[in-house]
Amino acid sequence: MPHLVKATTVIDDDACVSTAIRAILARHQYDTVLASRAHAGIHAFQASQCDVVMVDLFMPGMNGLDTITRIRSRSAVPIIAMSGFRLRNSLDPDQDFLGMALLRGATISLRKPFSPPQLVVAIDRSLGLTSSTEKAMQ
């Protein structure tokens, strides 16, 4: 099944991560707008009419949790929360930042580091799709 996503906004202060995401998604014919700060990402999202927003949780300035809350208050766009940080021994979503992101309105969470197939599956899941990549991973 071909991917239906045409535009993705990635909000992440790590240029290596956001550039890698853009390269992976380009192979799947996605247009990706990158923003290194929350306010720039929110503006890019509003200007681009993207299909999915990916938000890193830990950034300087406005953090990802507040960014998700702000985007969710204005739009029902699927939001993928990303983070490599986890509180040790925490199974409680109130103590896990990705769990908090879901409570704030993220559609799905993605723990860093992730593989290219995991990224594509996360986008498909956020859109309610089952991808050929996900089927191949099973």
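**Contacts, sheet and rings in a predicted model**

Visitor: Which residues does Ser126 touch, not counting residues up to four places away in sequence?

Guide: Contact means heavy atoms within 4.5 Å. With residues up to four places away in sequence not counted, Ser126 touches Val52, Pro78, Ile80, Thr107 and Ile108.

Visitor: On what basis are such values given, and what is the place of Ser126?

Guide: This is a predicted model, in which local features need pLDDT of at least 70 and side-chain atom pairs count only at pLDDT 80 or more, while totals for chains, interfaces and linings use all residues. Residues are numbered from 1 along each chain as its sequence is written, and side-chain values use heavy atoms, with hydrogens and water left out. Helices (H or I, at least four residues) and strands (E, at least two) are DSSP runs, numbered from the N terminus. The place of Ser126 is in residues 116-126, helix α5.

Visitor: Is Ser126 buried or exposed?

Guide: Buried means under 20% relative accessible area, exposed over 50% and partly exposed in between, using a 1.4 Å probe and protein chains only. Ser126 has a relative accessible area of 8%, so the residue is buried.

Visitor: In what order do the 5 strands form the open sheet?

Guide: Two strands pair if DSSP finds at least two bridges between them. The pairing is parallel, and the edge strands, each pairing on one side only, are β2 (31-35) and β5 (108-111). The order is β2-β1-β3-β4-β5.

Visitor: What is the bridge partner of Ile11 in β2?

Guide: Strand β1 (residues 7-11) runs parallel to β2 and is joined to that strand by 5 bridges. In β2, Ile11 has as its bridge partner Ala35.

Visitor: At about what angle does helix α1 run to β2?

Guide: Axes are lines fitted to C-alpha atoms, for helices over the stretch in contact, and angles run from 0 to 180 degrees between N-to-C directions. Helix α1 (residues 15-26) lies across β1, β2, β3 and β4 (79-83). Its angle to β2 is about 175°.

Visitor: Is the aromatic pair of Phe58 and Phe97 stacked or edge-to-face?

Guide: Rings of Phe, Tyr and Trp (its six-membered ring) pair if their centres lie within 6.5 Å; planes under 30 degrees apart count as stacked, over 60 as edge-to-face and the rest as tilted. The structure holds 1 aromatic pair. The ring centres of Phe58 and Phe97 are 4.9 Å apart and their planes stand at 80°, so the pair is edge-to-face.
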